[in-house]
Amino acid sequence: VYREGGMEDLDELTELSLDAFPDDAVGVDWIRQKVDGKAFREQHRMDVRGGLERRLSQESARYAIMVAQDAETRGLVAMVELGLLPCPVPMSRRPPPDQPYLVNLAVRPVWRRLGVGGELVRLCETKAVDSWGYSEVFLHVKQRNKAAQMLYRKLGYVTEWREPLWYKLKGGAQRIRSNPRLFM
């Protein structure tokens with residue numbers, strides 16, 4: 001069953017997000033996770049829940065969480081968020097226009113490769129076009145996430161820009177990305 005998610009799904013959305021993105025800690029957070037494991041995980045859980053709750057409570061006509069629900073158990077098996085953000089690609093468009101942005105596609109492992117993620121992406125595309133009046137959707141995917149890249153390419157997405165491995169920060173310092181993003 002596919003539907004729009006809501007505040008009543010907050011607990012399941014939180015767990016689904018945490019299960020789908022367990023390795024998101026980087027830099028100082030990665031060190032804190034290793035040293036202070038349980039306390040870090042609980043704080044991370046509260047941060048994820050708080051972010052989802054904030055976005056769900058916006059009551060914006062330009063934000064949605066689409067979910068897939070197991071018809072038998074009624075539990076959530078997948079989710080994806082759709083919102084409006086300034087689209088950074090192509091680089092020639094400045095200032096960047098707001099465009100529908102697909103983010104946080106999460107599918108429980110036993111439901112992967114069954115078409116659930118693709119169906120959620122298509123539902124978001126339909127919402128962006130039919131309800132919001134846009135003709136494009138953009139997203140980013142981490143360079144190491146080959147499975148997600150294959151899914152998006154299968155759905156017709158192409159890489160518009162690759163984030164560099166390093167870049168200069170204000171003041172001349174450099175920042176290195178261990179897992180650069182691809183914008184599609």
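Before counting anything, here is what gets counted: helices are DSSP runs (H or I) of at least four residues, strands are DSSP runs (E) of at least two, and both are numbered from the N terminus. Keep in mind that this is a predicted model.

**The overall layout**

With that in hand, the protein comes to 5 helices and 9 strands. Read from the N terminus on, the elements go β-α-α-α-β-β-β-α-β-α-β-β-β-β. The protein has 184 residues, and 38% of them are buried. What about contacts between residues with a separation of 6 or more? Of these, 62% join residues 24 or more positions apart.

**Helix α4**

Let's zoom in on α4, which covers residues 116–131.

Which residues of α4 are buried? They are Val116, Gly117, Gly118, Leu120, Val121, Cys124, Glu125, Lys127 and Ala128. Here's a handy rule to hold next to that list: an α-helix has 3.6 residues a turn, so residues three or four places apart point the same way. The cover over the buried residues of α4 includes the strands β1 (2–4), β2 (63–69), β3 (76–86) and β4 (98–107), along with helix α5 (146–154). Just after α4 comes Gly133, with a positive phi of about 80°.

**A pocket to look at**

Helix α4 also turns up in the second largest pocket, where it gives the most to the lining, with 3 residues. This pocket has a volume of about 260 Å³. How many residues line the second largest pocket? There are 17, and Glu136, Val137, Phe138, Glu160 and Met184 lie nearest its centre. By class, the lining has 11 nonpolar, 2 polar and 4 charged residues.

Thr14 sits in helix α1 (residues 10–20). Buried or exposed? Thr14 is buried because its relative accessible area is 2%, and the cut-off for buried is under 20%. A polar atom of the Thr14 side chain lies 2.8 Å from the backbone oxygen of Leu10. Leaving out residues up to four places away in sequence, Thr14 touches Arg45, Val48, Arg49 and Leu52.

Glu81 is in strand β3. Glu81 also counts as buried, with a relative accessible area of 2%. Its side chain makes a polar contact with the side chain of Arg55, at 2.6 Å. If you again skip residues up to four places away in sequence, the residues that Glu81 touches include Leu52, Tyr63, Ile65, Tyr101 and Val103.

Most residues other than glycine have a negative phi.

| Residue | Phi | Place | Relative accessibility |

Technical notes: Residues numbered from 1 in each chain as written. Predicted model: local features only at pLDDT ≥ 70, side-chain atom pairs only at ≥ 80, totals over all residues. Heavy atoms only, no water. Buried < 20%, exposed > 50% of the residue type's maximum accessible area, 1.4 Å probe, protein only. Polar contact = N/O pair within 3.5 Å; in protein donor to acceptor, adjacent residues only side chain to side chain. Contact = heavy atoms within 4.5 Å. 1 Å grid on protein atoms, 1.4 Å probe; cavity = no way out; pocket = protein on both sides within 12 Å on 5 of 7 lines; lining within 4 Å. Points joined across faces, edges and corners; volume = space filled by probe spheres on them. Nonpolar A, V, L, I, M, F, W, Y, C, P; charged D, E, K, R; others polar.
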